[in-house]
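Trainee: Please take me through the ring pairs, and then the spaces around them.

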Amino acid sequence: MCGIIGIAGQSAVADRLLESLRRLEYRGYDSAGIATLVDGRIERRRAEGKIDRLAARLAEEPLAGTTGIGHTRWATHGAPSEANAHPHATDRLALVHNGIIENHAALRKELIARGHRFSSETDTEVAAVLITDLLAGGASPKDAVAAALKRLEGAFALAIVFVGKPGLIIVARRGSPLALGFGQGETYIGSDAMALAPLSRRIAYLEEGDWAEVTPDGATIYDEAGRVVARPVRMAESTGALVGKGNYRHFMLKEIHEQPVVLGDTLKGCLALDMRLPRLPPLAFKPEEATRWTLIGCGTAHYASRVAKYWLEELAQVPVESELASEFRYRRAPLDPKGIALFVSQSGETADTLAALRHCKANGLHTIGVVNVPESSIAREVEVSLPTNAGPEIGVASTKAFTTQLAVMATLAIAIGLARRTIDEKRARALAEALIEVPARMTEVLARAAQFRTLAQTLAAARDVIYLGRGTCYPLALEGALKLKEVSYIHAEGYAAGELKHGPIALIDDVMPVVVLAPPDHLYEKTASNVEEVIARGAKVIFISDARGAAQFKDRALATVEMPDVDPFAAPFLYALPVQLLAYYTAVLRGTDVDQPRNLAKSVTVE
Ligand code: M6R
């Protein structure tokens with residue numbers, strides 16, 4: 001799960017590689033490095049940590065060269081150190097890699113037996129040494145890479161420059177995305193179109209198994225069988241400008257505050273606002289005829305799909321499963337060919353979600369994507385992609401992507417309910433109205449964000465935190481716990497409020513903060529009873545509800561938060577804000593790296 005960039009060019013590349021690496025930092029920030037060809041020799045600079053460290057290193061010791069490759073790393077094999085940073089180099093080549101080479105241990109053993117030495121703990125170096133071994137045996141770069149690819153197992157993307165071969169980069173894609181960009185007398189390679197945006201908008205995506213010889217004049221692309229193939233060149237939509245933080249201290253806070261606007265944009269795309277009814281793009285199949293829906297994603301995207309499960313089941317009266325991609329893809333679950341599989345992903349590159357998509361397609365299911373990055377692999381590979389229009393989400397913690405995913409799936413549930421006649425137009429309009437109101441209600445909550453900064457003091461002092469919710473607020477409780485863990489490093493768990501008494505209630509004592517999400521829906525009284533149970537055991541309850549609910553617990557909870565009145569259908573949108581803001585302010589109080597928390601990456605392109 002790393003970022004790759006490369007330029008086969010005619011003018012100095014180091015600064016441009018560095019700029020593109022900044023755009024790829026969302027894929028990992030454990031270390032970064034660049035290698036260029038200078039007079040046929042390989043020169044490289046590497047640094048542990050974020051791109052700024054590499055920039056400082058390059059400022060001390062600049063790199064010349066008009067062809068080069070760069071890499072930003074999320075560590076899989078080997079600690080995040082300079083020795084393990086890419087590019088990995090031998091006396092014949094330098095190589096960068098995204099993904100995992102699964103048979104690295106066996107190959108390493110074999111290569112050591114052949115007299116090779118290794119200087120890192122990475123799986124990547126095995127590819128570098130294997131190709132070096134083939135070159136030493138007399139193979140050309142092209143033949144050496146072709147032969148090595150046959151021996152490498154796993155999902156990966158590679159880019160390699162060769163000693164004595166100025167202007168040449170060989171790239172390969174198996175499982176991990178790789179794009180080519182075409183310029184005037186220069187050719188570019190990158191993990192995504194966003195990295196290539198300042199360099200070129202004329203993009204071709206390598207397909208599964210493809211590999212290519214890239215030179216300043218263009219690229220010769222080969223398929224897995226070694227046949228020369230053409231891949232369509234398209235104009236990428238990505239903007240050339242790097243997204244800034246505006247007046248916000250962190251991207252996470254900026255993105256939380258963007259939600260009323262981007263949610264409005266998303267709703268404009270999936271509701272006919274004049275008619276107050278959902279609008280789906282033209283489909284080559286009838287989604288209302290699906291006998292089962294399988295909603296697949298990871299992390300926050302998975303929790304969004306767990307909310308959508310409630311909506312689709314209730315409004316469309318169709319069986320729905322919400323699956324973790326990493327479990328689903330290996331489970332060998334019987335798949336109903338009359339079913340629809342729906343993939344939820346901000347990045348559109350999450351390896352497990354992508355693999356689950358391919359598995360479903362291979363089994364004949366219709367596929368829909370709910371994706372934020374329009375040029376991403378998932379957006380391109382699904383039959384129909386429903387965009388979330390959240391704009392670039394830079395903070396590692398997903399916020400606006402979550403609520404816009406909810407918006408797309410809420411309108412989808414209304415549309416399917418209408419088409420299946422399980423709801424009538426009057427009800428559909430009422431639900432759409434409830435959604436249209438959400439941005440304004442969100443703005444009200446965000447105007448009172450300061451109260452969450454105060455409440456965060458309680459969470460920041462805690463060792464563990466519990467989140468409770470029922471119905472569509474149960475996934476919100478899971479999301480709240482995930483958000484807090486990832487940005488503040490405080491242990492947190494989300495539970496269905498009714499499940500607490502089946503075990504987790506043993507955790508409750510008089511120092512445990514319990515955040516309760518209790519919108520005024522048909523489950524409110526049940527949740528309130530569960531809150532009585534934890535208050536009776538001394539828990540410090542932060543009770544988030546409407547005015548009536550807040551009044552009920554005002555004297556007994558540690559704190560109450562009064563949320564605006566909304567239709568219960570729209571509650572998950574609003575109740576997402578307190579959990580995001582609590583996590584954010586707690587992280588700030590704890591002094592963590594909010595936008596790039598330790599051990600994480602924005603896009604998880606390894607399984
Ligand atoms: O790009 P995706 O939506 O597919 O990413 C899925 C998860 O990796 C992501 O939601 C992750 O859980 C977030 N960092 C949570 O804030």
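How many aromatic pairs does the structure hold?

Mentor: A note on the model comes before the count. This is a predicted model, where local features need pLDDT of at least 70 and side-chain atom pairs count only at pLDDT 80 or more, while totals for chains, interfaces and linings use all residues. Residues are numbered from 1 along each chain as its sequence is written, and side-chain values use heavy atoms, with hydrogens and water left out.

The structure holds six aromatic pairs. One of them is Trp-311 with Phe-569, a tilted pair with 5.2 Å between centres and 55° between planes. The two residues are 258 apart in the chain, so to speak at a distance: Trp-311 sits in helix 9 (residues 299-316), and Phe-569 in the loop between strand 27 (559-562) and helix 19 (571-590). Trp-311 is buried, at 3% relative accessible area. Phe-569 is buried as well, at 8%.

Another pair is Tyr-524 with Phe-543, which is edge-to-face: the centres are 6.3 Å apart and the planes 75°. This pair also links distant parts of the chain, 19 residues apart, with Tyr-524 in helix 17 (residues 524-535) and Phe-543 in strand 26 (residues 540-545). Both Tyr-524 and Phe-543 are buried.

Here are the rules behind those words. Rings of Phe, Tyr and Trp (its six-membered ring) pair if their centres lie within 6.5 Å; planes under 30 degrees apart are stacked, over 60 edge-to-face, and the rest tilted. Helices (H or I, at least four residues) and strands (E, at least two) are DSSP runs, numbered from the N terminus. Buried means under 20% relative accessible area, exposed over 50%, and partly exposed in between, with a 1.4 Å probe and protein chains only.

Trp-311 and Phe-569 also belong to one aromatic cluster, together with Phe-573. Arg-380 lies over the face of Tyr-205, 3.5 Å from the ring centre. Lys-50 does this with Tyr-29, at 5.5 Å. The test asks for NZ of Lys or CZ of Arg within 6 Å of the ring centre and within 35 degrees of the ring normal.

Now follow helix 9 to a pocket. The second largest pocket holds about 640 Å³ of space. It is lined by 31 residues, and the closest to its centre are Cys-298, Gly-299, Thr-300, Lys-602 and Val-604. Helix 9 gives the largest share of this lining, five residues. Helix 9, strand 20 (340-345), helix 11 (351-362) and helix 16 (473-488) each supply at least two. By class, the lining has 14 nonpolar, 12 polar and five charged residues. Ala, Val, Leu, Ile, Met, Phe, Trp, Tyr, Cys and Pro count as nonpolar, Asp, Glu, Lys and Arg as charged, and the others, Gly among them, as polar.

Where does the second largest pocket lie? It lies between domain 2 (249-445) and domain 3 (448-591), because both give residues to its lining. The protein also has domain 1 (3-235). Domain bounds come from an automatic or database domain assignment.

The structure holds three cavities of 30 Å³ or more. On a 1 Å grid over the protein atoms alone, a cavity is a set of points where a 1.4 Å probe fits but cannot get out; a pocket is an open set with protein on both sides within 12 Å along at least five of seven lines; lining residues have an atom within 4 Å of a point. Grid points are joined across faces, edges and corners, and a volume is the space filled by probe spheres set on the points.

The largest cavity has about 50 Å³ of space. Its lining includes Cys-2, Trp-74 and His-86. That lining divides into three nonpolar, seven polar and two charged residues. His-86 has another feature: a cis peptide bond joins it to Pro-87, with omega about -5°. Pro-87 lies in the loop between strand 4 (67-73) and strand 5 (88-89).

The second largest cavity holds about 40 Å³. Leu-280, Pro-281 and Val-384 are among the residues that line it. This lining has eight nonpolar, no polar and no charged residues.
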